[in-house]
Amino acid sequence: MAIKTSSRIAAKKLATENGFDTIRYKKSCFGYVVFWASNKSDNYECVGYPTFILVDKENKATIASPDETRAIMDFDYKKLKGWDLYNYFINDHPNRDYASVVALLPCACLHDIDKAAAILERTIKDRRRLVAIYPGEGEVATPDMEYVGGIMDGGLYIK
């Protein structure tokens, strides 16, 4: 019980320092005691990802990174559909280079939103990737690539 109390004290201190007035125990995972920081006036609701506070065995509290937050939430982007999936890649995917390739998808689909979403879902489901090919840079599409559409100075493919 002393560990839980000291963990709660450490989490509450960090929450207060970051503008939150309440914490709630979430669970223990990855070797941390996890608390959800919020404000009572928000009715325990949030826009975007929640703020989690991780407390280790030495009662050192830190705010969870976006990757840790998604892991705590058991987040699996493969379960997302349509523009939720697209927005995940554009805003939250850790590989920013790949996010910039995904951002080309609406252009390659002539701004047909439904088509772009369906292509991205299928690409993820089939465990494939989008690839931008720029012939002016000496890049060439291979026979195993599926053409999606044109992009400025090149084409977008599924590999």
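Reader: Why are K13 and E17 in helix 1 said to be separated by about one helical turn?

Author: K13 and E17 are four residues apart in helix 1 (residues 2-17), which means a separation of about one helical turn. Helices are DSSP runs of H or I with at least four residues, strands are runs of E with at least two, and both are numbered from the N terminus. The model is a predicted one, in which local features need pLDDT of at least 70, side-chain atom pairs count only at pLDDT 80 or more, and totals for chains, interfaces and linings use all residues. Residues are numbered from 1 along each chain as its sequence is written, and side-chain values use heavy atoms, with hydrogens and water left out.

Reader: What makes the meeting of the K13 and E17 side chains a salt bridge?

Author: The term requires a side-chain nitrogen of Lys or Arg within 4 Å of a carboxyl oxygen of Asp or Glu. For K13 and E17 the N to O distance is 2.7 Å, and the pair therefore meets the definition. A search of the whole structure finds four salt bridges.

Reader: Why do K13 and E17 count as exposed?

Author: Exposed means over 50% relative accessible area, buried under 20%, and partly exposed in between (1.4 Å probe, protein chains only). K13 has 55% relative accessibility and therefore counts as exposed; E17, at 53%, counts as exposed as well.

Reader: What relative accessible area makes R122, E146 and R128 partly exposed?

Author: The values are 31% for R122, 29% for E146 and 24% for R128. Each residue is therefore partly exposed.

Reader: Why is T69 called buried?

Author: T69 has 4% relative accessibility and therefore counts as buried. T69 lies in helix 2 (residues 66-72). Leaving aside residues up to four places away in sequence, T69 touches Y49, P50, F52 and A64, where contact means heavy atoms within 4.5 Å.

Reader: What makes helix 3 roughly perpendicular to helix 6?

Author: The axes of helix 3 (residues 82-91) and helix 6 (residues 113-125) come within 9 Å and cross at roughly 70°. That angle makes helix 3 roughly perpendicular to helix 6, a class that spans 65 to 115 degrees, whereas under 35 is roughly parallel, over 145 roughly antiparallel and the rest oblique. Axes are lines fitted to C-alpha atoms, for helices over the stretch in contact, and angles run from 0 to 180 degrees between N-to-C directions.

Reader: How do you know that strand 1 and strand 2 pair?

Author: Two strands pair if DSSP finds at least two bridges between them. Seven bridges join strand 1 (residues 22-29) to strand 2 (residues 32-38), which run antiparallel. The bridge partner of C29 is Y32 in strand 2.
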